[in-house]
Amino acid sequence: MTGPKIAIIGGGPAGLLLARLLQHSSLACTVFELDADRHARTQGGTLDLHESTAQLALKEAGLYEKFLAHARPEGEVLKIYDASGTVLMDENEGIGVRRPNTMSNRPEIDRVLLRAMLLDSLVPGSVQWGMKLSRVEQVQGADNERTYDLHFTNGHVATGFDIIVGADGAWSKVRPLVTDAKPFYSGISGLDVKLSSANTRHPDLGKRTGGGMCLTLGPNKGILAQRNGDGAVRCYAFMRAMESWDQDSGIDFGQMETAKREFVARYFGDWDQGAKDMVLRSDADSSVVRHLFMLPLGLTWCSRPGIALIGDAAHLMTPFAGVGVNVAMEDALLLARAIVAAASQKKTITTRTDKSALAAALQKYDADMFVRAERYAQQTWMYLGLFFHERGGVAMVEHFERMQAQESAAAVTAAAALKEEVKASAPTTSAEKMMAGGVGVAEVVRAPSDLPASTSASSASSPVGSGTTPLMEAKVGPHVE
Ligand SMILES: Cc1cc2nc3c(=O)[nH]c(=O)nc-3n(C[C@H](O)[C@H](O)[C@H](O)COP(=O)(O)OP(=O)(O)OC[C@H]3O[C@@H](n4cnc5c(N)ncnc54)[C@H](O)[C@@H]3O)c2cc1C
């Protein structure tokens with residue numbers, strides 16, 4: 001199928017997945033990515049992919065089996081310490097509360113593997129590397145039809161696109177076409193460090209971390225460690241702080257080994273040594289100061305024909321609910337469905353009517369995305385408050401206890417409702433009970449008084465003998481004691 005000419009800006013999880021989904025439906029597209037090549041930079045830590053969003057998108061992209069080959073369900077466990085080193089909960093060892101079932105089936109995958117899997121799934125040549133978008137220009141054609149040209153920092157101009165998808169992350173260059181909104185500082189920042197081969201080089205810290213995520217949470221601060229598939233532990237020492245804290249601190253973050261010691265002494269000085277060692281013994285040259293940014297909660301804009309945003313470009317949020325990549329991949333899925341549905345009506349998208357159908361599809365995508373994104377952003381904001389709570393890890397554990405209690409109560413209510421439903425449809429007469437139990441014809445006929453009023457002994461024996469009866473069908477259902 002020859003469809004609209006589509007450019008995707010950014011080859012992160014959202015952009016690459018969208019490309020795969022479109023190509024899977026025989027729609028051509030080009031991804032423009034600023035990295036020089038696929039190995040240009042380390043991709044960072046690990047991501048947990050949720051069942052109803054990212055996993056669903058991978059299924060639709062025909063990549064679910066490949067994902068399972070790389071996924072680490074064992075990485076889902078959570079451990080929480082307080083700042084003094086007391087374990088508040090540990091899913092590795094079954095200590096304390098477990099998170100509710102609604103938070104399970106979220107296996108981890110290393111970012112680098114996710115990106116490689118998506119890249120390998122694309123038509124060769126569909127990613128153009130070393131292309132940093134600087135601006136998008138709308139062009140009015142001779143037939144009064146609008147298309148878009150892309151200007152890159154290397155001077156290249158790519159022309160004549162019907163659809164531009166901004167999948168270019170936090171500092172999107174496509175976003176200004178639809179809104180003036182810019183990311184703002186979330187109030188959280190700190191150091192991002194890495195401990196390579198944690199189990200062999202730092203067995204005590206490997207043990208401390210466990211198999212998945214390990215949070216040490218003190219008042220308004222946290223040392224958040226996460227095991228990666230390559231044996232490394234990625235660790236963030238984050239806190240509530242002014243945006244300029246790193247400059248104001250007088251610590252020279254250009255000399256990172258000294259800076260790490262000063263940072264830990266100043267901001268985490270009275271914390272448990274195990275937590276502090278996660279930062280102090282991290283790899284040389286792996287550490288960076290990181291400030292977390294976000295877009296306003298509930299951000300919306302007027303849809304613009306031919307322009308769509310997905311992932312962080314549309315709704316940058318902090319990582320504290322662990323949903324950023326999941327909503328990004330859900331965006332890719334829903335946008336792909338919208339474009340494919342609109343484009344599949346026609347072999348080419350040339351006329352004004354074709355473009356109107358596309359514009360309507362993008363508008364609907366936007367409207368739906370605004371609602372979903374706001375929900376996830378609210379959830380993320382709530383978790384930010386729990387990660388950086390004045391009562392530290394206790395507040396998070398209490399939150400999980402409340403969720404667990406709600407889930408148990410909901411399960412009891414659901415079980416009672418099901419029992420009532422089954423009871424209401426249960427056989428009331430002996431004949432019905434016998435039929436439900438698979439009792440033979442002769443036995444039914446021996447108890448004519450139990451038959452429904454309209455059913456004589458002879459008519460009762462006949463349908464049973466002839467096969468499945470409505471009565472029997474009605475008995476197919478859940479078994480309750
Ligand atoms: C510290 C941290 C931890 C996180 N942990 C989690 C987690 O556990 N779970 C979770 O769900 N989410 C997590 N997130 C959020 C998650 O990383 C993002 O939501 C996700 O990566 C968004 O994907 P994306 O494709 O929209 O954007 P990105 O991953 O940012 O990809 C954007 C791509 O666009 C390219 N690009 C940027 N500008 C241009 C340009 N001008 N021209 C061309 N290309 C460009 C970039 O090089 C990049 O490849 C975390 C984020 C951070 C910062």
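I begin with a cut-off: angles under 35 degrees count as roughly parallel, and those over 145 as roughly antiparallel. I am working on a predicted model.

**Entry 1: H1 against H11**

I looked up helix H1 (residues 13-24) and helix H11 (residues 324-343). Their axes come within 9 Å and cross at roughly 30°. H1 and H11 are therefore roughly parallel to each other. I noted the hand as well: H1 crosses H11 in the right-handed sense. Next I listed the contact. H1 brings Pro13, Ala14, Leu17, Leu18, Leu21 and Leu22. H11 answers with Val325, Ala328, Met329, Asp331, Ala332, Leu333, Leu335, Ala336, Ile339 and Val340. I sorted these residues by class: 15 nonpolar, no polar and 1 charged.

**Entry 2: H2 against H11**

I stayed with H11 and turned to helix H2 (residues 51-60). The two axes come within 7 Å, and the crossing angle is roughly 35°. This crossing is left-handed. From H2 I recorded Thr53, Ala54, Leu56, Ala57 and Glu60. They meet Val325, Asn326, Val327, Met329, Glu330, Ala332 and Leu333 of H11. The class count for H2 with H11 is 8 nonpolar, 2 polar and 2 charged residues.

**Entry 3: Val31**

Is Val31 buried or exposed? I counted 26 other C-beta atoms within 10 Å, and the threshold for buried is 20 or more, so Val31 is buried. Val31 sits in strand E2 (residues 30-32). I then checked its surroundings, skipping neighbours within four places in sequence. Val31 is in contact with Ile8, Gly11, Gly15, Leu16, Ala19, Ser126, Val127 and Gln128. I also took one C-alpha distance. Val31 and Gly10 are 21 residues apart along the chain, and their C-alpha atoms are separated by 6.5 Å.

**Entry 4: the sheet of 7 strands**

I traced an open sheet of 7 strands. Its order is E5-E4-E13-E14-E15-E12-E16, with mixed pairing. Which strands stand at the edges? They are strand E5 (87-90) and E16; each has a single partner strand, so one side of each is left without a neighbour in the sheet. On average, neighbouring strands here are turned by 20° against each other, direction ignored.

I followed the pairings along one part of the sheet. Strand E14 (residues 221-227) and E15 run antiparallel and are joined by 7 bridges. Gly222 has Phe238 of E15 as its bridge partner. E12 and strand E15 (residues 233-240) run antiparallel too, with 8 bridges. There I found Asp192 opposite Tyr236 of E15. Strand E12 (residues 184-195) also pairs with strand E16 (residues 288-294), antiparallel, over 6 bridges. Leu191 has Val289 of E16 as its bridge partner.

**Entry 5: helices on that sheet**

**Entry 6: H8 against H9**

I went on to the partner of H9. The axes of helix H8 (residues 256-268) and helix H9 (residues 273-280) come within 9 Å. They cross at roughly 150°. H8 and H9 are therefore roughly antiparallel to each other. Their crossing is right-handed. On the H8 side I listed Lys260, Arg261, Val264 and Phe268. On the H9 side I listed Ala275, Lys276, Val279 and Leu280. By class, this contact has 5 nonpolar, no polar and 3 charged residues.

**Entry 7: the sheet of 3 strands**

I looked up another open sheet, of 3 strands. The order is E8-E9-E10, and the pairing is antiparallel. Strand E8 (133-140) and strand E10 (157-161) are the edge strands, each pairing on one side only. Strand E9 (residues 146-152) pairs with E10 over 3 bridges. In E10, Ala158 is the bridge partner of Leu150.

**Entry 8: whole chain**

Last, I took the totals. The chain has 17 helices and 17 strands. Of its 481 residues, 38% count as buried. I also checked contacts between residues at least 6 apart in sequence: 71% of them join residues at least 24 apart.

Terms used. Residues numbered from 1 in each chain as written. Predicted model: local features only at pLDDT ≥ 70, side-chain atom pairs only at ≥ 80, totals over all residues. Axes fitted to C-alpha atoms, helices over the stretch in contact; angles between N-to-C directions. Helix = DSSP H or I, 4+ residues; strand = E, 2+ residues; numbered from the N terminus. Parallel < 35°, antiparallel > 145°, perpendicular 65-115°, else oblique. Left-handed = near helix turned anticlockwise from the far one by under 90°. Contact = placed C-beta atoms within 7 Å. Nonpolar A, V, L, I, M, F, W, Y, C, P; charged D, E, K, R; others polar. Pairing = 2+ DSSP bridges. Buried ≥ 20, exposed ≤ 12 C-beta atoms within 10 Å, placed from the backbone.
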